[in-house]
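I opened the model today and kept short notes.

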Amino acid sequence: MKPTVLVVDDKANMLALLSKVLGKSARVLTARGVRTALQVLETEPVTTVVCDLRMNDGDGLEVLRAVRARWPGVPFILMTAYASVPTAVQAMREGAYDYVTKPFDPDELRALVERAMAQAAVLKGEQDAPEARGFAGMTGRSPAMRALYQLIERVAPTDATVLILGETGTGKELVARAIHEHSSRASHRPIAVNCAAIPRSLIESELFGHARGAFTGAATDRAGLFEEAHGSTLFLDEIGELRPTVQAKLTRVLEERAVRRIGESRERKIDVRLISATHRDLRAMVKTGALREDLWFRLNVCVVELPPLRDRAEDIPLLAQRFLAERAPQSRSSATGFSAAAMSALQVYRWPGNVRELKSAVERALVIETAGEIRLESLPPEVQGASPLRLTSSSDVDLAQLSYREAVDASREEMNRRYLEAVMRRFRGDVLKAAAHAGVERESFYRLLRRCGLSADDFREERRGAADGTKN
């Protein structure tokens, strides 16, 4: 079923043009003026709105506010004349997805609408689809994540010990939480500890507890984390960091289902489900003697392996849009999506830090982008360098990951940027001359520069640098 676009304008010829341009990829509804648009919005669910700013019976901001009130997730694209650009910027502060200035290229508008519809579908899919929401905050619909959800559903109801393996940043703690929440122990608070974050001299006391006077500073009796987790789940992250003496005691606890505090002779029975995790190769550690083989056998009951983000690139748009929606309010940004070039780079980059690194990249971009789309130039340099457009011709495999429309949109953005750089360099930062040469109005030319992250001052600096070199 095609998405539905509402086009609002008070000119019949513009409605006819946009119906033809957008009709290839969407069902198009038209409204001739503000009043008709408000009536349509009362009865018709729409996917995207394209609206003129100035109309005979009102302005597009009234329509925008109605859309935000009734359909807050629906992208709103404003059409405006050059002189009304400040109003368009205000509209973006109020939640508009983007704006275009008249006259505009119909193909560029269609590409913008298609991006808006795609990103709205991603956000709606994350909200509505159970497989996208996953468990306990995990996001993804890739085959690897679907398989992970199924495994969690099978493992969670049992009381078996679970070992979670995965690279740093893949979400091992989220998986542990999901297993606990889908178990019979879910009514009890889980206990979690990162073994690498506790000093080696204290880890034994933290896990197993101690008696008063057992060592210097032990002023009172203290229960350890195993006792605190009685009836619940204990999650030991980075279990590969435990030293051999602690490994031996942990092995005994798992064998006897009882714990002995440091400085005591009696054992206390415990009812604890253990979930552990590590990014290290525990099999290799067993071979080198860094991990006790008997502990390995007790940990290696149910193994859950998390896929790295690079192996599920199809989940990146879902994750990126989710992080944007979560972090934009805290960053005081009204950015609503990603440009085609930015999303292409996100999907091609290898993400050695996995989901954690992706979240950090989106947060960084939101600091730079206060409205509209997150551009390629706002992403970390290492992610920008992964853009298919900045790779050599040997990267056909990476380009093949994109749809035809994504590749075309990304190519257009990159060509726009390169053209503007060339023209500005030729006229040494003189915007009037560059705009006249390009055949574009000055205000529109400034807007193009902003969209590509370019500043006239950069090219004036080049001019001054060249002049200084001449003097020398």
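Predicted model: local features only at pLDDT ≥ 70, side-chain atom pairs only at ≥ 80, totals over all residues.

**Sheet.** I traced the pairing around that spot. Strand β6, residues 76-80, pairs with β7 in the parallel sense over four bridges. Then I followed the whole sheet. It is open and has five strands, in the order β2-β1-β3-β6-β7, with parallel pairing. I looked for the edges and found β2 (27-31) and β7 (98-101) there. Each has a single partner strand, so one side of each is left without a neighbour in the sheet.

Helix α2 (residues 34-43) lies across β1 (4-8) and β2. Its direction runs at about 160° to β1. Helix α3 (residues 60-70) packs on the sheet and touches β3 (48-52) and β6. The angle between the directions of α3 and β6 is about 180°.

**Aromatic pairs.** How many aromatic pairs does the count come to? I got two. In one of them, the ring centres of F208 and F226 lie 5.8 Å apart and the planes meet at 10°; stacking needs under 30 degrees, so this pair is stacked. I placed both residues: F208 sits in helix α9 (residues 203-208) and F226 in helix α10 (residues 225-228). They are 18 residues apart, and the pair links distant parts of the chain. Both F208 and F226 are buried.

Y349 and W351 also pair, edge-to-face, at 4.6 Å centre to centre and 85° between the planes. Are these two buried or exposed? Y349 is buried, with a relative accessible area of 13%. W351 is buried too, at 0%.

**Backbone.** I stayed on W351, which lies in the loop between α15 (340-348) and α16 (354-368). Its phi is positive, about 50°, although W351 is not a glycine. R257 also has a positive phi, near 55°, and is a residue other than glycine. I found R257 in the loop between α11 (244-256) and β11 (258-259). Its relative accessibility is 34%, so R257 counts as partly exposed.

Last, I checked omega. The peptide bond from K102 to P103 is cis, with omega near -5°. P103 lies in the loop between β7 and α5 (106-128).

Methods:
Residues numbered from 1 in each chain as written. Heavy atoms only, no water. Phe/Tyr/Trp six-rings, centres within 6.5 Å; stacked < 30°, edge-to-face > 60°. Helix = DSSP H or I, 4+ residues; strand = E, 2+ residues; numbered from the N terminus. Buried < 20%, exposed > 50% of the residue type's maximum accessible area, 1.4 Å probe, protein only. Pairing = 2+ DSSP bridges. Contact = heavy atoms within 4.5 Å. Axes fitted to C-alpha atoms, helices over the stretch in contact; angles between N-to-C directions.
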